[in-house]
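Visitor: Could you take me on a close look at one part of this structure, and then show me what lies around it? I would like to follow the strands.

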Amino acid sequence: MMNTFELPGGDRIPTIGFGTFGSDHCAPEQMAQAVETALTAGYRLIDCAQVYGNEHTIGEVLERAIGSEQISREELFVASKVWNDQHAPGKPTLALKGSLSDLRLDYLDAYYVHWPFPNYHAPGCDGDSRNPDSKPFSAEEFMGVWRELEQLYDEGLVRHLGMSNMTISKLETVLPQCRVQPALIEMELHPSFQQPELFQYCLDHGIRPVGFCPLGSPNRPERDKTEEDVVDFDLPEVRAIAEAHGVHPASICLKWAAQKGAIPIPFSTTERNITSNLLAVNEDPLTETEMASLAAADRDCRLIKGQVFLWPDAHSWQDLWI
Ligand SMILES: NC(=O)c1ccc[n+]([C@@H]2O[C@H](COP(=O)([O-])OP(=O)(O)OC[C@H]3O[C@@H](n4cnc5c(N)ncnc54)[C@H](OP(=O)(O)O)[C@@H]3O)[C@@H](O)[C@H]2O)c1
């Protein structure tokens, strides 16, 4: 039995999900295989996005699983996200319908605004490239997208709405304007990047935090790596606790996230890792002392800086996170 959290309205969401961002090294067919392995292992929350370019192959797996009665639709929690180039009026609706068609579903359990900007870049572009059409955050622009998502929610095409890559100041501006409050917020979350204020803000507002890159995304593209980046698996606090429990540091990152009240969404192509990640959040919990030691391991090390979404006169990637 998968542990779950309750969402506003009474639906339940698994306490761990499966990520599906294959980056540059996992083709859509390989991702489908990984999702199939994850479903067999017991994952029921699948974190998708149109921009990941693999919803069509994941949809085949979901259709097969539901069709074979291995899993009922109600047991699954499938999320997707509207990409930055689909913010103009009418486009979020088309994007959602495209995801539904690719995923071979009648409704999504959650639909996120992937980034709070209409800024995008060519796939695989250089980290220093800038799109001259990119703009700073605008609450008005964001609310245009959100109102369209609220309409899709009213129509029953999506059961919960979510935001991603937000900050407290942006949330302060938009939450009072939302008729349908977000049930979920995706945020980068791993021991070396804990975002404690944003995390608490979500809990205080009845929003469940979903932690992306929960293992510190060790195989992210080279263009997303800098010399200052910390490796979570090498943090002394993580290593010491992993040794004490006789597990890989990955398990400690996931136990920590889940015990804090987040939903980690690790990705893996390896059956052994897929299974051990699921087990990690369901057995052998961390002690209060270990949780305190990990709280002190925060290095404020953001890995997904988003620099490719900067507008031409922006100073640095920090401008995205104000
Ligand atoms: N909302 C957003 O803007 C956003 C941004 C980034 C990511 N995401 C979501 O978050 C998900 C997770 O992030 P991520 O994929 O970047 O990073 P991650 O889950 O932190 O790390 C994934 C990597 O860790 C390795 N790994 C997994 N389990 C392991 C284990 N037990 N031991 C050792 N290594 C292990 C995997 O390699 P193997 O394949 O060899 O196991 C994989 O390459 C994404 O897939 C995506 O769904 C959302």
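Guide: Let's begin with Glu 186, whose bridge partner in strand E9 is Val 210. This is a predicted model, so please read each feature as part of a prediction. The two strands here are E8, residues 184-188, and E9, residues 208-212, and they pair in the parallel sense over five bridges. Now step back to the whole sheet: it is open, has eight strands with parallel pairing, and runs in the order E3-E4-E5-E6-E7-E8-E9-E10. At its edges are E3 and E10 (263-264), each of which pairs on one side only.

Two strands of that sheet lead us to a helix. Strands E3 (18-19) and E4 (45-47) are among the elements that cover the buried residues of helix H1, as are helices H2 (55-67) and H9 (271-280). Those buried residues are Met 31, Ala 32, Ala 34, Val 35, Ala 38 and Leu 39. Seen down the axis of H1, they fall within an arc of 160 degrees, so they line one face of the helix. After H1 comes Gly 42, with a positive phi near 130 degrees.

In total, 29 residues surround the ligand, and the closest are Gly 19, Phe 212, Leu 215, Phe 267 and Ser 268. By type, the shell divides into eleven nonpolar, 15 polar and three charged residues.

Notes. Residues numbered from 1 in each chain as written. Predicted model: local features only at pLDDT ≥ 70, side-chain atom pairs only at ≥ 80, totals over all residues. Buried ≥ 20, exposed ≤ 12 C-beta atoms within 10 Å, placed from the backbone. Helix = DSSP H or I, 4+ residues; strand = E, 2+ residues; numbered from the N terminus. Arc of directions from axis to C-beta. Contact = placed C-beta atoms within 7 Å. Near = placed C-beta within 6 Å. Nonpolar A, V, L, I, M, F, W, Y, C, P; charged D, E, K, R; others polar. Pairing = 2+ DSSP bridges.
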